[in-house]
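Please look over the sequence and the structure before reading on.

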Amino acid sequence: MQPILTYPRPIYTQYPKNAQPNVYTSFTPMPKYPSIMTGSAIHPQSSVIGDVLIGRQVNVAPFASIRADEGTPIYIGDGTNVQDGVIIHGLKDGKVKHQNQEYSVFIGENTSLAHQAQIHGPAKIGNNVFAGMQSFVFKSEIGDNVVIEPTAKVIGVKVPSNRYIPAGEIIKTQEQANNLPIIDENYSNKDLNHEVVEVNKEFAQAYPANYYFTPVTHYFN
């Protein structure tokens, strides 16, 4: 086999072994590799595929799947954490906008995606959001400083900033989203995301020395 394609890597010089390009399809005709900023930790038992940009101080935990082989691109902002078993994926035709750029999934800074959360594009999640264990976001936009409590589901709506979605709730209409309770000093989980983000930033700093990174040489048949 001969190397027949190369890709510019102006910032990223090393990749985890589990970061792979998307495959050739009619809707993704060009293979693209994930872009992973320095200072982030990608666990060897996770999977990052295709046109994914992962910012600084991001911790991706075991068995997380970030797969930009259908809906692309996927963006994960600085300081965000992607915990065990999280799935991030998108439909090929759905897009969201952020600063005039289109994404299949856009996730802001200092956001927590807790264990087994699913973010399915088209979807946009703001800064300082906590998406709880086994929560689900699809065809939705989540504002800043939102708490999605465990097992809650958000489908086809825009959630305003500074709201919380009670555990187990299913939010499917914009009226429901507009009437969600506001986070105030009496809300018991108001500081939860800050604590989780700080823990995971420390993980991102501590883990990479124990991971296996290799320079990328890509071959195609």
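## Terms and model

Contact means heavy atoms within 4.5 Å. This is a predicted model: local features need pLDDT of at least 70, side-chain atom pairs count only at pLDDT 80 or more, and totals for chains, interfaces and linings use all residues. Residues are numbered from 1 along each chain as its sequence is written, and side-chain values use heavy atoms, with hydrogens and water left out.

## The sheet

Seven strands form an open sheet with parallel pairing, in the order β4-β7-β10-β15-β17-β19-β22. β4 and β22 (164-165) each have a single partner strand, so one side of each lacks a neighbour in the sheet. Strands here are DSSP runs of E, at least two residues, numbered from the N terminus. Two strands pair if DSSP finds at least two bridges between them.

β4 runs parallel to β7 (residues 59-60), joined by two bridges. A41 is opposite N59 in β7.

## S46

S46 sits in the loop between β4 (41-42) and β5 (47-50). S46 counts as buried because its relative accessibility is 5%; buried means under 20% relative accessible area, with a 1.4 Å probe and protein chains only. Beyond neighbours within four places in sequence, S46 is in contact with N18, V60, A61, F63 and A64.

## V146

V146 lies in the loop between β18 (136-142) and β19 (147-148). At 0% relative accessibility, V146 is also buried. Not counting residues up to four places away in sequence, V146 touches N128, V129, F130, V159, P160, S161, N162, R163 and I183.

Methods:
Helix = DSSP H or I, 4+ residues; strand = E, 2+ residues; numbered from the N terminus. Buried < 20%, exposed > 50% of the residue type's maximum accessible area, 1.4 Å probe, protein only.
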